[in-house]
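Me: I would like to go through the terms used for this model and see what backs each one. Please set each value against its cut-off.

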Amino acid sequence: MTLLDGLSLLSIASGCFFFVAGSVGMLRLPDAFTRLHALTKADSAGLGLLVLGLGLQADSWWTVLRLLLIWLLVLLSSATTCHLIAQSALRRGAALRRGDNDE
Amino acid sequence: MRGGRKTADRTENTDEGIRSKAYSHREVSTMSPVLWILDALFCASLLGLAWQTLRTRDLFKAIVLYIVFGLMMAMAWARLDAPDVALVEAAIGAGVTGVLLLSTLGTLSAARGEGSQRGGAFASAVPVAGLVTGLVGCLVGVLAVAVWQLPVESPGLSAAVEARQEESGTSNPVTAVLLNFRAYDTLLELTVLLLAVLGAEVLAGSEAAGSEAAEGGVAAQETAPRQETGPRQETGPRQETGPRQETGTRQGPDAQQERPPAADRDPVLRGFVRLVAPAMIVVAGYVLWIGGEAPGGAFPSGAVLAAMSFLLMLARAEEGPRLSRRGGRWILVAGLIVFWGVGIAMLAAERRFLEYPVPAAKGLVLLIEAVAAVSIAATLVALYRGGRLVRRPRRTVDSEFRS
Amino acid sequence: MSLILLWFAVLLVASLLGGLVRILIGPTATDRMLAAQLLGTSGVGVLLLLAEALERPPLRDVALVFSLLAAVGAIGFVRLAADPVEGPP
């Protein structure tokens, strides 16, 4: 196993860690707004590290380009949709978790 | 198509072609435990999702579960080495169907009054449920017996397809079958799509009823936020003013009741659609073009185009293309017209119906696919709009607030 | 190498199924939609891993379509689904 393979696997493993953390956060965090936080980490960091790791192994620049394009699209759409979902949740009056500075 | 010369030596053929290549990896054997675990996870989650989708009383939950079912199904098709099906499933199952169902739910809620989206009617239908369960059970039993009696290793027709691949004008076996060898089937599928639109239009009834039904979803989300301005908590108003001020049309705080919901003029959504809609057109074209040699083709391409139209409509970016209603109808049937036109032209050239001459096959297949993709997209959009591609122009709030 | 990538894919699918539980238990529509978004992104990850591990480049196109259409469902949710006011828990 070369150094490149090692780096690539390390990056993929870290990416998977973020995905798992996202799922755990989705289950454990107390309300929709904090769960949003868990989701966006998986989208941006998780998929980004995964794409980096796979890009290191890719056999052509065309593949790297496609991987990057996919990541950028996911970044863009996840940022937008999370903003919209949070906004609509606020509009619908979803309850924030009580007991913080808001009260 | 009379192939079958090479049915016996299948191993020779399996070395080439994207679809027929069996799982012969350098490191991962077919029996590897990791693939078993992956397959088991897919099977379990698909069955579980299907069961939960059917079981739940909450219609919104059922829709989300169904969207997720589409995503999982696409992944399962990918794992099963059927990327063509995975593409269509990803585009239609996960994207287009989700929006169609959500819009239906919005219409239902608007028609029945607020908060009535629980499927209460099903609760009293236990005998019907029993009957349906029994019938479905019989069907599953019959299917199970039929599958059981299939030969274990059926050669199928893939060898026959590969034998004549070069004459089809495309190097993707799936496209070759869909657009050349079995073009009849695809022609009839397009007809079925058109019938579906006709059905939707008939069900939508008269012009007035039609536009009402199609706009029910929009009306629902327009009224809902306004009703909720009352019970909003103290965090609400502060957050609401943010996006409004960014659009630069400030008004006094007294005018709050007359304003549309903030999302209507959300600059983030507008900007997103401006970036992504052109990208989707490019991807639709790419998927269509690459269908000649790799997974892709008219159906996924049309679905991506339809999803782009949904985005535009949801963001109210534009009213859509400026079309007369007659023009809309022509677009709906264009795919079929070109398909029939090519078929009849072949008859005129003293060939059989839809039997292309080999040198022209590539061009003809691409022509049919391109027009069919547009018609498929138009069909999906028309289904979303209650059977009509072009609606009677309505007194829109959109035009007032277009930035 | 492919074998390790496949194990990572299994890990992602398992984590994705964990996120599914949030769709089942809710409690609000927003929570369900968020979980669906997470599943979409994880699905892109799974497809990219499978494309590399099983040597199937076309799967990257499927991932591309996934990433394009992930937003459509969520925006449809925001704009179409009339949701009753979600009260305090």
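Reply: The terms are taken one by one below.

This is a predicted model, where local features need pLDDT of at least 70, side-chain atom pairs count only at pLDDT 80 or more, and totals for chains, interfaces and linings use all residues. Residues are numbered from 1 along each chain as its sequence is written, while chains are lettered from A and ligands numbered from 1 in the order in which they are written.

Me: How do you know which elements chain A has?

Reply: Helices (H or I, at least four residues) and strands (E, at least two) are DSSP runs, numbered from the N terminus. Chain A has three helices and zero strands by that count. Its order from the N terminus is α-α-α. Chain B has 15 helices and, again, zero strands.

Me: What makes helix 3 of chain A roughly antiparallel to helix 2 of chain C?

Reply: The angle between them is about 175 degrees, and their axes are 11 Å apart. Axes are lines fitted to C-alpha atoms, for helices over the stretch in contact, and angles run from 0 to 180 degrees between N-to-C directions. Under 35 degrees counts as roughly parallel, over 145 as roughly antiparallel, 65 to 115 as roughly perpendicular, and the rest as oblique. Therefore helix 3 of chain A is roughly antiparallel to helix 2 of chain C.

Me: Which residues make that contact, and of what class are they?

Reply: Residues are in contact if their C-beta atoms, placed from the backbone, lie within 7 Å. Helix 3 of chain A contributes residues including Leu67(A), Ile70(A) and Val74(A). Helix 2 of chain C contributes, among them, Met33(C), Leu34(C) and Val44(C). By class, the contact has nine nonpolar, five polar and no charged residues. Ala, Val, Leu, Ile, Met, Phe, Trp, Tyr, Cys and Pro count as nonpolar, Asp, Glu, Lys and Arg as charged, and the others, Gly among them, as polar.

Me: What makes up the side of chain C that touches chain B?

Reply: In this interface, 49 residues of chain C are in contact with 60 residues of chain B. Helix 1 (2-25), helix 2 (29-53) and helix 3 (58-80) of chain C each supply at least two residues of that side. Helix 3 of chain C gives the most, with 18 residues. The classes are 39 nonpolar, five polar and five charged residues.

Me: Why is Asp81(B) called partly exposed?

Reply: A residue is buried if 20 or more other C-beta atoms lie within 10 Å of its own, exposed if 12 or fewer, and partly exposed in between; C-beta atoms are placed from the backbone. Asp81(B) has 19 within 10 Å, so Asp81(B) is partly exposed. Its phi is positive, about 65 degrees, although Asp81(B) is not a glycine. Asp81(B) lies in the loop between helix 3 (59-79) and helix 4 (83-112) of chain B.

Me: Why does Glu55(C) count as partly exposed?

Reply: Glu55(C) has 15 C-beta neighbours inside 10 Å, so Glu55(C) counts as partly exposed. Glu55(C) is not a glycine either, yet has a positive phi of about 55 degrees. The loop between helix 2 and helix 3 of chain C holds Glu55(C).

Me: What makes a set of residues a nonpolar core?

Reply: The members are buried Ala, Val, Leu, Ile, Met, Phe, Trp, Tyr and Cys residues joined through C-beta atoms within 7 Å. The largest such core has 160 residues. Leu47(C) is one of those that touch the most other members. The largest share, 16 residues, comes from helix 3 of chain C.

Conventions. Two residues are in contact if their C-beta atoms, placed from the backbone, lie within 7 Å.
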